[in-house]
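Here are a few exercises to work through with the coordinates loaded. Try each one before reading its solution.

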Protein chains: 2
Amino acid sequence: MRIVVDGMGGDYSPYAVIEGCIQAIKEYNVDIVVTGPEELINKELDKYQYNKEKITIIDCKEIIENNEHPVMAIRRKKNSSIYKALELVKKGEADAVISAGSTGAFLAGATLIVGRIKGVNRPALAPIMPGKNGPFMVIDCGANAECKPKNLVQFGQMGEVYFENILKIKNPSVGLVNIGSEEEKGNELTKEAHKLLKECNFNFVGNVEPREIPTGNVNVVVCDGFVGNTILKTYEGVAANIFSTLKEEIMSSTRTKIGGIMLKPVFDKFKKDFDYKEYGGAAFLGVNGICIKAHGSSDAKALKNAIRQAISFHENNIINKIKVHIEKKLV
Amino acid sequence: MRIVVDGMGGDYSPYAVIEGCIQAIKEYNVDIVVTGPEELINKELDKYQYNKEKITIIDCKEIIENNEHPVMAIRRKKNSSIYKALELVKKGEADAVISAGSTGAFLAGATLIVGRIKGVNRPALAPIMPGKNGPFMVIDCGANAECKPKNLVQFGQMGEVYFENILKIKNPSVGLVNIGSEEEKGNELTKEAHKLLKECNFNFVGNVEPREIPTGNVNVVVCDGFVGNTILKTYEGVAANIFSTLKEEIMSSTRTKIGGIMLKPVFDKFKKDFDYKEYGGAAFLGVNGICIKAHGSSDAKALKNAIRQAISFHENNIINKIKVHIEKKLV
């Protein structure tokens, strides 16, 4: 299989991106196309010993920055690394695309260039996050700031396909993010969505309060993109704050420094268990091709894992399974 | 001053509530009225030595449970501990009311019985939370699942009054919760609210992404009640998960147990710094009386701190200051 990677996306591009690609061709025997300024990409590639047949470059000079208007940027910069990468999937010349660049531009570009799966009203960004009792998916996490109730049903359908096929969890649970456990709680969107979700033939478990989400007891939690993005970023912010404060406190005295050394195995396990990088990127579900958004701060490992995730997507024929599932027309 | 406390509210009522009241009359020389079944309340009070003149009971037999419909419960149970407590503030027979009971019933009751401050469109629940660099307020945290842009402006005004007068922070910063830092990001509500907030004469600092909120760098963050409640509960859920996992891991071997003992000062400081109980309860701002919602899981200390907070509210004449501020009619 052949994966195209946006060489210029993310805080540590191109070097971390290229390092991730090098690791991936060695571990997974995949073919990779990198988009970006050829000279710059080659300079990074020259640092490594690798099978030159496995990586090709599509030269393009433009770069879309995070602060650009997503739709405008995609329309104007047709020679950008994101645009060229997405185009390759559209043309069928790559089986999947990965970018750690501007989320807005990647989602807008994926929708405009790759296009939606027939029947999907709103593609959704769906990261997998580490929970106490297992990974969970929050869908949508920012592609749709406003949603209709029926969109949330489709999010549940797509999340179900992902969990069953990529994470191999049978009959995964689907919950509705809400600010109360009772059916009549919430805003207009959640009240209506609840009614529709109850009628679905997947394993709908009712409302899930945000306090319960990090346990991972519910596999797929559906919400509009504003709420999902809020959950994702609050999660990251609280965890980052706790760990940075802990670190400062541990470094504050000899006693606590020794304690920190004694607890190193605990912190290491923690780091591993709560590392979103383990799960690759956030899948953009509902578009007619495999589009993975890697975290903006992705290092080589995160990028490599996003490539592994794309391979799994392809091998498990997820796009087709979503098509079949959506055709059941639950809403 | 005289504070009325719902004797039957919260997971640990009446015993933790009564213990908190006893501590408060000793520390703050305040007069307290407790609502609830007299026999039950007296049984708790009998456990303590205290000045009997400082605590009186209003006997009422009904209790509103968390799973009852808030408005229905308030309308039907006029002899409940929450209703009676709110009624006392309405009649001017108490200067403030505190309940750790049903949030929905308390908010509905406060709005219906105590009433709104003239000019306030939507009263809002406003907890103070511990941030890395200082406390911050999220307003609204659940009173209004749907909001209009102008509501968010009033939330900012009320939050400003609180920070200046209770937390003594001059010219506090007000931010808009949004899923991007740029002005045009977000949903219809945040786009419109941003325009209005920019025109306000308080210290509006623009959009605040949820990842930044836990730093506490912005004092007051405004949002609709669905989003605010999501932030609050995600915050609680992530923190609880991290600490419970840490505890389990520390207890898993002799080495890590010793490490845990060495780090006890760190964890103790953490517990104190990140303890929402330190800040009392969540003020319900915009109603025409001091109404404090204590956390459902309040222990005696949390209840006592909520009483301290109510005293500070009263001494600083917050209700009147909000009135004056709202009359400036920013929207």
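A polar contact here is a pair of N or O atoms within 3.5 Å; within protein, one must be able to donate a hydrogen and the other to accept it. Keep in mind that this is a predicted model.

**Exercise 1.** Work out how many residue pairs are in polar contact across the interface of chain A and chain B, and which helices of chain A take part in the side that touches chain B.

*Solution.* Start with the rule above: it finds 16 residue pairs, both partners at pLDDT 80 or more. Next, look for helices that supply at least two residues each to the chain A side: these are α7 (188-198), α8 (225-250), α9 (254-262) and α10 (264-273). The largest share, 22 residues, comes from α8(A). Finally, sort that side by residue type: 24 nonpolar, 19 polar and 13 charged.

**Exercise 2.** Find the area buried between chain A and chain B, and count the salt bridges.

*Solution.* First the contacts: 56 residues of chain A touch 56 of chain B. The buried area comes to about 5,100 Å², with carbon and sulfur atoms giving 71% of that. Ile179(A), Arg211(A) and Phe226(A) supply 14% of what chain A buries against chain B, more than any other three residues. Now the salt bridges: the count is 8. In one salt bridge, Lys269(B) meets Glu249(A) at 3.3 Å, N to O.

**Exercise 3.** Trace the strand order of the open sheet in chain A and pick out the edge strands.

*Solution.* Walk across the 7 strands: β3-β2-β1-β4-β12-β11-β5, with mixed pairing. β3 (55-59) and β5 (124-126) each pair on one side only, so those are the edges. The twist averages 25° from one strand to the next. Zoom in on β11 (residues 282-285) and β12 (residues 290-293) of chain A: they pair antiparallel over 2 bridges, and Ala283(A) stands opposite Ile292(A) in β12(A).

Methods: Residues are numbered from 1 along each chain as its sequence is written. Chains are lettered from A and ligands numbered from 1 in the order in which they are written. This is a predicted model: local features need pLDDT of at least 70, side-chain atom pairs count only at pLDDT 80 or more; totals for chains, interfaces and linings use all residues. Side-chain values use heavy atoms; hydrogens and water are left out. Helices (H or I, at least four residues) and strands (E, at least two) are DSSP runs, numbered from the N terminus. Axes are lines fitted to C-alpha atoms, for helices over the stretch in contact, and angles run from 0 to 180 degrees between N-to-C directions. Contact means heavy atoms within 4.5 Å. Buried area is the accessible area (1.4 Å probe) that two parts lose on being put together, summed over both. A salt bridge is a side-chain nitrogen of Lys or Arg within 4 Å of a carboxyl oxygen of Asp or Glu. A polar contact is a pair of N or O atoms within 3.5 Å; within protein, one must be able to donate a hydrogen and the other to accept it, and residues adjacent in sequence count only if both atoms are side-chain atoms. Ala, Val, Leu, Ile, Met, Phe, Trp, Tyr, Cys and Pro count as nonpolar, Asp, Glu, Lys and Arg as charged, and the others, Gly among them, as polar.
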